[in-house]
Every structure is written in structure tokens, then in C-alpha cells.
Amino acid sequence: ALRAWRPRWDECPGLLEIPCRLPRGPARSLLVGLVSLVPGLHAVEVRAQPASADRLALHVADARAENLDAALTRVRELERRVARAFGLPPPLRGLP
């Protein structure tokens with residue numbers, strides 16, 4: 001809400017596209033909804049490709065390198081928690 005009253009013009013919005021490591025279905029749908037609740041992130045779409053390589057496109061309010069790293073860390077943590085909630089094996093680490 002503060003951004004509406006005191007916008008920072010030094011922000012650099014952008015898109016971040018990452019592999020989605022959850023299987024298609026309810027777990028992935030929950031992840032997309034949860035990502036949109038994280039301040040500064042909004043899930044734009046899941047780009048369907050071969051099942052193992054689907055991509056999650058995210059709008060990032062500030063796409064500077066340090067903020068992209070933080071956004072990726074948040075998404076990967078949500079992904080891990082959603083997998084656990086659905087009884088799925090944890091997503092492989094090491095993927096961007």
C-alpha cells in the first residue's frame with residue numbers, strides 16, 4: 001500500500017521465467033495462487049511444454065539481480081512446502 005502513496009521510481013519491473021518442478025494438477029495450481037500472495041511477485045502463467053519442462057512466468061516488481069535471487073528463493077521454498085503438503089517427493093535441488 002505504501003507504494004501507491006510513495007512510489008519508488010528506481011524499481012525495475014520485469015518477468016522471471018523458471019522451471020516449475022511440481023506436477024500438473026492441484027499442487028501446481030496451489031503454488032501459482034500462493035506465489036501471487038508474495039509481495040512483489042505475481043504468477044503470470046504456466047507455459048506448458050513437455051511435462052518435465054513446464055515454465056512458470058512471474059512478474060517481479062523489482063527485477064534487479066539481488067531481488068531476482070530473493071524471488072527465486074521464495075518460490076522454491078513455496079514449491080517445497082506445497083510438495084510436502086500434497087505428500088509429493090521434494091522437488092530436486094540445483095535447478096534454477
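Reply: **The sheet and its surroundings**

The protein chain has 3 helices and 3 strands; both kinds of element are DSSP runs numbered from the N terminus, with helices being H or I of at least four residues and strands E of at least two. This is a predicted model, in which local features need pLDDT of at least 70 and side-chain atom pairs count only at pLDDT 80 or more, while totals for chains, interfaces and linings use all residues. Residues are numbered from 1 along each chain as its sequence is written, and side-chain values use heavy atoms, with hydrogens and water left out.

Read from the N terminus, the order of elements is α-β-α-β-β-α. In the sheet, the order is β1-β3-β2: these 3 strands form an open sheet with antiparallel pairing, where two strands pair if DSSP finds at least two bridges between them. β1 and β2 stand at the edges with a single partner strand each, so one side of each has no neighbour in the sheet. Direction ignored, neighbouring strands are turned by 25 degrees against each other on average. Axes here are lines fitted to C-alpha atoms, for helices over the stretch in contact, and angles run from 0 to 180 degrees between N-to-C directions.

β2 pairs with strand β3 (residues 55-60) in the antiparallel sense over 6 bridges. One of the residues involved is histidine 42, whose bridge partner in β3 is histidine 59. Helix α2 (residues 26-35) packs on the sheet, where it touches β2 and β3, and its direction makes about 150 degrees with that of β2. Helix α3 lies across β1, β2 and β3 and runs at about 40 degrees to β1.

Alanine 43 gives a view from inside β2, the strand in which it lies. With a relative accessible area of 8%, alanine 43 is buried; buried means under 20% relative accessible area, exposed over 50%, and partly exposed in between (1.4 Å probe, protein chains only). Residues up to four places away in sequence aside, alanine 43 touches Val32, Val35, Ser36, Leu56, Ala57 and Leu58, a contact being heavy atoms within 4.5 Å. Among these, leucine 56 is 13 residues from alanine 43 in sequence and 7.2 Å from it in space, C-alpha to C-alpha.

On the helix side, glutamate 79 lies in α3. Glutamate 79 counts as buried because its relative accessibility is 1%. Leaving out residues up to four places away in sequence, its contacts are Pro19, Cys20, Arg21, Leu22, Leu31 and Pro91.

Next come the charged pairs. Side chains of opposite charge can pair when their charged atoms come close. The structure holds 10 salt bridges, each a side-chain nitrogen of Lys or Arg within 4 Å of a carboxyl oxygen of Asp or Glu. One of them joins the side chains of arginine 47 and glutamate 17 at 2.1 Å, N to O. That pair links distant parts of the chain, with arginine 47 in strand β2 (residues 41-47) and glutamate 17 in strand β1 (residues 14-19), 30 residues apart. Arginine 47 counts as partly exposed at 30% relative accessibility, and glutamate 17 also counts as partly exposed, at 32%. Both residues belong to a network of salt bridges that links Glu17, Glu45, Arg47 and Arg55.

Another salt bridge is formed by the side chains of aspartate 62 and arginine 64, at 2.4 Å, N to O. Aspartate 62 counts as buried at 9% relative accessibility, whereas arginine 64 is partly exposed with a relative accessible area of 29%.

At 49% relative accessibility arginine 81 counts as partly exposed, as does glutamate 77 at 28%.

Some totals put this part in context. Of the 96 residues of the protein chain, 30% count as buried. Among contacts between residues at least 6 apart in sequence, 64% join residues at least 24 apart. The accessible surface of the chain comes to about 6,300 Å², and 62% of it belongs to carbon and sulfur atoms; such areas come from the Shrake-Rupley method with a 1.4 Å probe, and for residues only the protein chains shown count as cover.
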